[in-house]
Amino acid sequence: MNPHAKLISALSLIAGTSITISSNHWMMAWTGLEINTLAIIPLISKSHHPRAIEASIKYFLVQAAASSLILFSSMVNAWFTGQWDITQLTHPTSCLLLTMAIAMKLGLVPFHFWFPEVLQGSSLITALLLSTMMKFPPITILLLTSHSLSPTLLTSMAIASAALGGWMGLNQTQIRKILAFSSISHLGWMAIIIIYDPKLTLVTFYLYSMMTTTIFLTLNATKITKMTTMMTSWTKTPMLNATLMLTLLSLAGLPPLTGFLPKWLIIHELTKQEMTAAATIITMLSLLGLFFYLRLAYYATITLPPNSTNHMKQWHINKPTGISIAILTSMSALLLPLSPMILTTI
Amino acid sequence: MTYFVLFLGLCFVLGSLAVASNPSPYYGVVGLVLASVAGCGWLLSLGISFISLVLFMVYLGGMLVVFVYSVSLAADPFPQAWGDWRVVGYGAGFSLVLIVGAAVGGAVECWKLGVVSVDGGGVFSVRLDFSGVAVLYSEGVGMFLVAGWGLLLTLFVVLELVRGLSRGAIRAV
């Protein structure tokens, strides 16, 4: 891609995210979201493959519709209450509209249909940006308006997201689509707790971003995009393969890895709020996701192709892995003992 | 006067119905013109004449002109007009949605006409909309810069998407 266009896209991504996160007025929040949407479109369609172009069009349509819903909700609220403050959203129509608009932006069920195809059509680094950084402004808006959202709608969308994220990920062989469904499932966990304890939503989002960044960077270093490639990746970098297994299990939420912390705290808080049925249901539905994470971990590490024993690791590695993967991998597997520090810092 | 403003609202809805029933763009643009003229009239009825003229200028003089140029480049050999069965079907479906929505939403009782739009404070001396534009350039300069960057970014994104003629993402014929 043209370096100048890449620079403008990258700068606008940073600018749009910063504008939305630091805004008090609905207009600035909406402007930041629109700048983000516009800036990432050329990055998605960078490879000029028909699938990539279709992905960019789908992304643009869904995000533009969601942004206009955010604008409508803020305008209805401004008409009836006379002010544009993000934290003072009181009109019931606005609250309902905003809940649905943020669900569309994030990819919560039933507005999740665009997400797997958009991730599949983009390159691995663009998919990383889509899963982590592009979720940051809508989560910020969700946090700022957490007291104004509709609890019934949020809880039902969250449980449906955990269900569909787990179920629909079961039949996938392309890893970007699997990670899209994992993202939908994690968003369900984030959405279910936001009314009771918004800080736990933030903890879940930060830890999920860190683990997903690790996975995408690892996949980018070993050029893995589907399960068949994953089965032979142990010959390229055996150590990275082993840590990929640990990171996948951390995403699944298995103790004693880091990914267990958000799920544990969320179940704890839900039970304290007498939402035991919701906690049980969402935990059971996460077991579906656990199956495909385990399958991925199995294919990454435990399967050996029928090679001879003197044909083990390849002698030549194309791309040396950077230090970021090492740091992120350690953090995404070993942060559970530091949970009191995490809770008090975030 | 009330009935006239209601009629303008009806024209707006009919114009958007004409666009949404998916005829060929040559015929859909008629709906766009009707909707924008009715929208300008509605803004006039609220009292903000400057904003109404800005909408007229930007929409009809800017967007519609660009639309006409791009449609003339990508011409349709067999355009679907209003009499096409597909268009009639879409139009009937959307009309049904409109009627049900108006009945459920209680369009008649909550229609408050003549309500002054929301105000920012006591800084405006003459007219609401005109002084609002002045505020955009003075105290609201942050928003102005951000909006300007957004529009410039749109230009760069579109240029990047159609770059490369037939090898581009969206083919620049």
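This is a predicted model: local features need pLDDT of at least 70, side-chain atom pairs count only at pLDDT 80 or more; totals for chains, interfaces and linings use all residues.
The contact involves 16 residues from domain 1 of chain A and 20 residues from domain 2 of chain A. The domain assignment places domain 1 at residues 1-122 and domain 2 at residues 150-345 of chain A.

## Buried area

The size of an interface is often expressed as the accessible area lost when the parts come together. For domain 1 of chain A and domain 2 of chain A, the buried area is about 1,500 Å². Carbon and sulfur atoms give 76% of that area.

On the side of domain 1 of chain A, the residues that lose the most area to domain 2 of chain A are Leu108(A), Val109(A) and Gln120(A). Together these three residues account for 37% of what that side buries.

## Polar and charged pairs

Between domain 1 of chain A and domain 2 of chain A, four residue pairs are in polar contact, with both residues at pLDDT 80 or more.

## The domain 1 side

Helix 4 (92-106) and helix 5 (114-121) of chain A each supply at least two residues of the side of domain 1 that touches domain 2. Helix 4 of chain A contributes the largest share of that side, five residues.

By residue class, the side of domain 1 of chain A that touches domain 2 of chain A has eleven nonpolar residues, five polar residues and no charged residues.

How values were computed: Residues are numbered from 1 along each chain as its sequence is written. Chains are lettered from A and ligands numbered from 1 in the order in which they are written. Side-chain values use heavy atoms; hydrogens and water are left out. Domain bounds come from an automatic or database domain assignment. Contact means heavy atoms within 4.5 Å. Buried area is the accessible area (1.4 Å probe) that two parts lose on being put together, summed over both. A polar contact is a pair of N or O atoms within 3.5 Å; within protein, one must be able to donate a hydrogen and the other to accept it, and residues adjacent in sequence count only if both atoms are side-chain atoms. Helices (H or I, at least four residues) and strands (E, at least two) are DSSP runs, numbered from the N terminus. Ala, Val, Leu, Ile, Met, Phe, Trp, Tyr, Cys and Pro count as nonpolar, Asp, Glu, Lys and Arg as charged, and the others, Gly among them, as polar.
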